[in-house]
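Work through the following exercises slowly, with the structure open beside you, and try each task before reading its solution.

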Amino acid sequence: MDGTIAEFTKTHLELIENERNFEIEQSQALISGLLPTHLQRLGFALVGLRVTNTRTGLGGKTMMTLEAAVMGDPLPPTSLRSGDIVGLCAPGGHKPGKQADKKDQRPTAQLSGVVTLVSESKIVVAVGGDDGEIPEDWHERCTVKKLANDTTYKRIIHALKDLTAIKERPALHTVLFSNIDPRFEAETVIADDDTGFFDSSLNESQKAAVRLAVSAHDIALIHGPPGTGKTHTIVEVIRQLAARNQRILVCGPSNVSVDNLVERLGRIRGLPIVRLGHPARILPAAVAHSLDSQTKYSDAGELVRDVRKELDDTLAKIPKCKRSAERRALYDQVRELRKEYRVREAKVVDHTIGGSRVVLATLSGAASRDLAKNKSKFDVVVIDEATQAMEGECWIAALQAPKLILAGDHQQLPPTIKSMDARETKPKEDREKEQQQSCELLETTLFERVRTKFGDTVCCMLTTQYRMHADIMRVSSERLYDGRLVADVSVAAHLLSDLEHVTATDDTESPLVFIDTAGSEMRESAESSDISDTSTGNRQVKQLGDTDSKLNKGEAELTLLHVDRLIAAGVLAADIAVISPYNSQVRLLKSMIRDKYPEVEIGSVDGFQGREKEAVILSMVRSNGAKEIGFLSDFRRINVAITRARRHLCVIADSETVSVRDPFLKALFKHLEQSADLRYPDQV
Ligand SMILES: Nc1ncnc2c1ncn2[C@@H]1O[C@H](COP(=O)(O)OP(=O)(O)OP(=O)(O)O)[C@@H](O)[C@H]1O
């Protein structure tokens, strides 16, 4: 088995290194080659800021507040967001008092940090702390510039190396890498009369999934098609495990996936939880459970608060201090206080993590030093949205317990492999076969691998969905979920016209509308360079892989007309989403719809995975004589697209181009022709 693991990690390490290099090269090509002022126009930098305040945050980090050079001026429009990794630098890397070389506008990053807040007038960046001290000669004017973030790749590489090096392996590893079958409790873990469930609203498939997950010794999968209450089920699994005195590490690939669980688990009385991760990246609703808040406000945190205050007071004195000797003395004092602060804080952190039965973090965050230092022992690792994480990423968490529970849906989009996306628009035959295989290997998730290996023995599918009208989910159920997915009675026939303030019209009484552009000459085109996003005032920079992205002006106009009709019927703009598989079309749609209806959400299909809206309009874009459909041929993307709508789905597409080759699309268009309210552009 060790040989198999060594082979597995070797291949994956190579692939992850490639992916990491690809991402860094791409972002450097975009960011490093441009002058800061140019980057600022593109939204990737803020130039000539003043440091207006410094205080101490978690991990002894210094929170630097930066504002526009002219006091009270707003910051220029920016795409910098909380959680971004940024470099802080002075123009030309000059030191205070020295003249900057006017010609050299390229800054050299001198400090790196994480953005914790961006408002109209200021940006706050957490710097230093465990990552190093702030240099004494730190200048008060600087540029903030977005940096490539390869932290997750580094952590995956570390985890894969650790996986190879393990001496005493849990049975889980044997199950995953050799031919040993997974084991389950022979006895019923929750009584047949169902009295053992905490949540009495669970449906039969959810109960079956909980039983499977609790009874597993090594691994169990919860397969949750769209809207089937996967999170609901995971919460019950965690409660059951906690009631059996197990310690649980709960992870997801994104902050949103983790915070969704934090919010729900946080409501359960008597279940101590803690959310690890940078406060800047945690959703407001989950912040109260963050390690940062708990160390700050708990009784045990009292110890830390005193030193924090002293540190902040000392830091505040530095900018006012003119003499360099005095300044230096204050810096020495800061260094000492910071050491003391870290020692005390480590104790509180240890206490908080150790006292929590459930610890939550992103997969990447599971590599947190706080966990490693705490030597936390977990009995079970639960990974939600596991089909959106690369296997290597799952191993960061999976190394920390002998039992693993994965939840996800392999019929929706897999993790994004950026080096593959960049090639997506090129013809298939141009891609090197080997690279194609590598990407496919990276795209194969741990969930998928285990499901293929053991099938239903380890996997339980949730079969009742609580989102879509029955007509909206039908094709997905029949083609992708063996016809087993059923709509709960509460949603099976719900319509927009049932909503308050919505009048009954042809649109609001139809769960499915299909506007077929075939023969209308509404052809696709490639993106011209002058589409701007008027909401930010910035010209949008084309994303990677967009080099050949497609748009369709005719479809965009039909989309706007359909939005007009829904809103005229009383549907709230905030209940409508407009989605398209192509980024160029998304930009075009934003430029046409945003000013008129700012609350209508407009985005890519990929970006909308995991979300839902009452009404969804899908613009498929492709319309050409050659019947080329590019990445619409990925059934998982189409599945995500059509399963976002609760009461109304309007598909705008050219059936002659889109419905011809791909079996899933063929089935979808057959269903649309039979069951949807069918319209042609001249009737809209
Ligand atoms: N047993 C149930 N009875 C009634 N409603 C339920 C039940 N299970 C889930 N739901 C409802 O279904 C909706 C989806 O649940 P949840 O958010 O847990 O699903 P999910 O599968 O995680 O979602 P997604 O499809 O986005 O992954 C929620 O509104 C939830 O209240």
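Two residues are in contact when heavy atoms lie within 4.5 Å. Keep in mind throughout that this is a predicted model.

**Exercise 1.** Find the strand order of the open sheet of seven strands, and explain why one side of E9 and of E13 has no neighbour in the sheet.

**Exercise 2.** Determine how many bridges join E8 to E10, and which helix lies across both strands.

*Solution.* First take strand E8 (residues 248–252) and strand E10 (residues 358–362), which run parallel and are joined by five bridges. As one example, Cys251 has Ala361 of E10 as its bridge partner. Then turn to helix H7 (residues 255–266), which lies across E8, E9 and E10 and runs at about 160° to E10.

**Exercise 3.** Identify the residues that touch the most other members of the largest nonpolar core, and trace the contacts of Ile219.

*Solution.* Start with the core of 52 residues, in which Ile219, Leu249, Ile383, Leu404 and Leu406 touch the most other members. Helix H3 (residues 151–165) gives the most to this core, contributing six residues. Now set aside the neighbours of Ile219 within four places in sequence, and its contacts include Leu172, Phe184, Leu404, Leu406 and Val450.

How values were computed
Residues numbered from 1 in each chain as written. Predicted model: local features only at pLDDT ≥ 70, side-chain atom pairs only at ≥ 80, totals over all residues. Heavy atoms only, no water. Pairing = 2+ DSSP bridges. Helix = DSSP H or I, 4+ residues; strand = E, 2+ residues; numbered from the N terminus. Axes fitted to C-alpha atoms, helices over the stretch in contact; angles between N-to-C directions. Core = buried A, V, L, I, M, F, W, Y, C linked by side-chain atoms within 4.5 Å. Buried < 20%, exposed > 50% of the residue type's maximum accessible area, 1.4 Å probe, protein only.
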